[in-house]
Amino acid sequence: MTDVPLSFEDLAAARRRWIDDVLRPWCRQASQKQLLQAAAEWLDLAGRVDISATLWTWAWERFPVLTHTDMPGVNETHLVQITLRNGTIEIGFPDSRLSVRGAIVLIQRDADTGGTVHAGPFSIDDIAAVELC
């Protein structure tokens, strides 16, 4: 027989351990397809929480420079270099508003006009590495 929490505090601590030790690490390694499946059942898995602040933020934590501990989603404040699995390198600022459902969009400076352009979206599965510039 497994240990059954005897108090609310025990129950809450067990839930927190499961989130920290199982759910959050799973998000950091799951494929985009798996993440989209989890998104459809997120209320059952994680409870009534903001999917952007949990599932997708935790998934992007596999690239620590893309997240900030006090902010949900991707961190837009740093210029990053993304290396895709095919060897392509993209440099820009993450656009949190457009980076949804396991795909990231970068804001880049247009060399010809001096304006901005978007690159992506790039699937979380296609990204090999992310570094600060």
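Contact is taken here to mean heavy atoms within 4.5 Å. The structure is a predicted model, in which local features need pLDDT of at least 70 and side-chain atom pairs count only at pLDDT 80 or more, while totals for chains, interfaces and linings use all residues. Residues are numbered from 1 along each chain as its sequence is written, and side-chain values use heavy atoms, with hydrogens and water left out.

Gln108 illustrates the use of the contact criterion. Residues up to four places away in sequence not being counted, Gln108 touches Glu90, Ile91, Gly92, Gly115, Thr116, Val117 and Ala119. Gln108 lies in strand 3; helices (H or I, at least four residues) and strands (E, at least two) are DSSP runs, numbered from the N terminus. With a relative accessible area of 18%, Gln108 is buried, a term that denotes under 20% relative accessible area, as against over 50% for exposed and values in between for partly exposed (1.4 Å probe, protein chains only). The side chains of Gln108 and Glu90 are joined by a polar contact of 2.9 Å. Such a contact is a pair of N or O atoms within 3.5 Å; within protein, one must be able to donate a hydrogen and the other to accept it, and residues adjacent in sequence count only if both atoms are side-chain atoms.

Helix 4, which spans residues 52-60, is mostly covered, seven of its nine residues being buried. These buried residues are Thr54, Leu55, Trp56, Thr57, Trp58, Ala59 and Trp60. Their cover includes helix 1 (8-29), helix 2 (32-40) and helix 3 (42-46), together with strand 3 (103-109), strand 4 (116-123) and strand 5 (127-132). Apart from neighbours within four places in sequence, Thr54 is in contact with Trp42 and Val49.

Trp42 and Trp58 form an edge-to-face pair, at 6.2 Å centre to centre and with 65° between the planes. This pair links distant parts of the chain, Trp42 in helix 3 and Trp58 in helix 4, 16 residues apart. Trp42 is buried at a relative accessible area of 3%, and Trp58 counts as buried at 8%. Trp60 and Phe63 form a tilted pair, at 6.5 Å centre to centre and with 40° between the planes. Both Trp60 and Phe63 are buried.

Terms used: Rings of Phe, Tyr and Trp (its six-membered ring) pair if their centres lie within 6.5 Å; planes under 30 degrees apart count as stacked, over 60 as edge-to-face and the rest as tilted.
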